[in-house]
Amino acid sequence: MASTRKHGLLNVAIRCDAYSTRGVGHLVRQLSLAEGLQHLDHRVRLFGDSDLVWARNQIRARGLELELPGSTDEFVENRAADSDVVMIDGYEFPAELGLALIGHGVPTATMVDGDFGRHQPADLYVDQNLGAVPPRDPGAATWLVGPDYVLLRDQVLKRRPVEPRRPNDPLRVLVVFGGTDAFGGCVVGSRLLLGTGAPVHVVAVAATPQIAEQLSQLKVGPQQVMTVEQPADDLPLMASECDAALSAAGTSMWEFACMGVPTALVCVVDNQLLGYRAATADLALPVGKLERLRDEPDAQRHAQQQLKTLLTDADLRRRLAVGGMRLVDGNGRDRVIEALRRLI
């Protein structure tokens, strides 16, 4: 892949994976970055692996291939050596990856979430979480922190409304816990929503047939409707047709904020804790930690109180919608791309 820098364009290599056991958040935000780069005619190559048909379909839909990276040495010396910049997104990659890239003179960027991913040596760090702060001594590295740098897909940006939508009757609430829902959060969240007893149309995204079967067995009360959906190629379209969302505190949280969808959040895993705590201060309603919501009555009662408030308080929903759109303006990937250009 010959360099195109003499024409003001970049060759960008992205390193990330997407597995059923880890989720698709890293891939989703890197596909967002890839779209932004492609719109500006930069060249993009995606290196990684995935056991998910959905993920591979999303990659192909953007005219990309998921190329196997090989070993660290193979990736650095043979795959990425002629790249103008490399973006790394994944906590599990060893620090040797960033060290080797920098040692070969390849400008390197990495996505982090709080302390997760900070072990990776890089010239540029991007932490899009609300409340994120750079280290006290960043050295020579550049740090981009906060929601100004959220990476969002075209599917999200084109569905950002001018004004919050008029509600359905009963309210439609999207329940989604990532592309794999590895911890079964959708069943727990849907049960809590129905347990409020309030009128609601629950639109639950079942990541697997097993989850779909569990969802079909939930008890539905008066003026309540339950619809079970398969993972969608265009989740933002599904969200745009709903009045609120119940979600894990991951990638979808930022998409819903940008689209003005008022959201209640569940903290599923530890790497979401920073974003969960910051977002639920005033951006979203806190529902609790998934591990407690499974079988702790006190946690379940608190969660149902929060969800009933979401369903019944129209003023609150509007504040959350307006606040989310104000905080996440949809221009984050443009700012990150400009920072990548400055590395060269």
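This is a predicted model: local features need pLDDT of at least 70, side-chain atom pairs count only at pLDDT 80 or more; totals for chains, interfaces and linings use all residues.

Biologist: Which residues of helix α14 are buried?

Modeller: In α14, which runs over residues 332-342, the buried ones are Gly 332, Arg 333, Val 336, Ile 337, Ala 339 and Leu 340.

Biologist: And why do they line one face of the helix?

Modeller: Looking down the axis of α14, the buried residues fall within an arc of 160°, so they line one face. In general, an α-helix has 3.6 residues a turn, so residues three or four places apart point the same way.

Biologist: OK, on to α1. At what angle do the axes of α1 and α2 cross?

Modeller: Roughly 5°, and the axes come within 11 Å, with α2 being residues 53-61. At that angle, under the 35 degree cut-off, α1 counts as roughly parallel to α2.

Biologist: Which residues make the contact?

Modeller: Leu 27, Val 28 and Leu 31 from α1, with Trp 54, Ala 55, Gln 58 and Ile 59 from α2. By class, that is six nonpolar, one polar and no charged residues.

Biologist: New topic: how do α9 and α13 cross?

Modeller: The axes of α9 (251-259) and α13 (314-327) come within 6 Å and cross at roughly 105°, which makes α9 roughly perpendicular to α13.

Biologist: Who meets whom there?

Modeller: Trp 254, Ala 257, Cys 258 and Met 259 of α9 meet Ala 321, Gly 324, Met 325 and Leu 327 of α13. The class count for this contact is seven nonpolar, one polar and no charged residues.

How values were computed: Residues are numbered from 1 along each chain as its sequence is written. Side-chain values use heavy atoms; hydrogens and water are left out. Buried means under 20% relative accessible area, exposed over 50%, partly exposed in between (1.4 Å probe, protein chains only). Helices (H or I, at least four residues) and strands (E, at least two) are DSSP runs, numbered from the N terminus. The arc is that of the directions from the helix axis to the C-beta atoms. Axes are lines fitted to C-alpha atoms, for helices over the stretch in contact, and angles run from 0 to 180 degrees between N-to-C directions. Angles under 35 degrees count as roughly parallel, over 145 as roughly antiparallel, 65 to 115 as roughly perpendicular and the rest as oblique. Contact means heavy atoms within 4.5 Å. Ala, Val, Leu, Ile, Met, Phe, Trp, Tyr, Cys and Pro count as nonpolar, Asp, Glu, Lys and Arg as charged, and the others, Gly among them, as polar.
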